[in-house]
Amino acid sequence: RSLLKKLVNEKDHSLNFTRDPLTSREHQILEFICNGKTNKDIAEFLCISIRTVESHRKSILHKTNSQNIAGLVLYAVKNELYNL
């Protein structure tokens with residue numbers, strides 16, 4: 001399915017069509033989250049603090065308008081950022 005069709009079929013048309021709202025680091029952390037990794041796991045793998053991971057997670061939740069981790073995974077799948 002094309003990205004355009006996906007965007008047209010979205011219930012929420014408030015998506016930013018001009019650019020991806022997530023940074024490359026946020027994409028990286030989102031992938032870890034989708035793979036069920038904990039903040040501690042992510043921090044150790046990326047050699048950053050747990051607080052930094054928490055800050056990225058909070059930013060990702062905000063930018064994707066997600067309420068929880070399930071919402072993040074749904075966002076990632078819908079936007080073809082993660083394949084189940």
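**Helix packing exercises**

The buried residues of helix 5 (residues 69-78) are Gly71, Leu72, Tyr75 and Ala76. Buried means under 20% relative accessible area and exposed over 50%, with partly exposed in between (1.4 Å probe, protein chains only). Helices are DSSP runs of H or I with at least four residues, numbered from the N terminus.

This is a predicted model: local features need pLDDT of at least 70, side-chain atom pairs count only at pLDDT 80 or more, and totals for chains, interfaces and linings use all residues. Residues are numbered from 1 along each chain as its sequence is written, and side-chain values use heavy atoms, with hydrogens and water left out.

**Exercise 1.** Work out where the buried residues of helix 5 lie around its axis, and what covers them.

*Solution.* 
1. The arc is that of the directions from the helix axis to the C-beta atoms.
2. Their cover includes helix 2 and helix 4.

**Exercise 2.** Sort helix 3 into a buried and an exposed face.

*Solution.* 
1. Asn39, Ile42, Ala43 and Leu46 are buried in helix 3.
2. Down the helix 3 axis, these buried residues fall within an arc of 100°, so they line one face.
3. Glu44 and Phe45 are exposed, on the face turned away from the buried side.
4. Helix 2 and helix 4 are among what covers the buried residues of helix 3.
5. Just after helix 3, cysteine 47 takes a positive phi of about 60°.

**Exercise 3.** Describe how helix 3 (residues 39-46) meets helix 4 (residues 50-63).

*Solution.* 
1. The two axes come within 8 Å and cross at roughly 110°. Axes are lines fitted to C-alpha atoms, for helices over the stretch in contact, and angles run from 0 to 180 degrees between N-to-C directions.
2. Helix 3 and helix 4 are therefore roughly perpendicular. Under 35 degrees counts as roughly parallel, over 145 as roughly antiparallel, 65 to 115 as roughly perpendicular, and the rest as oblique.
3. Helix 3 contributes Asn39, Lys40, Ile42 and Ala43 to the contact, and helix 4 contributes Ile50, Val53, Glu54 and Arg57. Contact means heavy atoms within 4.5 Å.

Methods:
Helix = DSSP H or I, 4+ residues; strand = E, 2+ residues; numbered from the N terminus.
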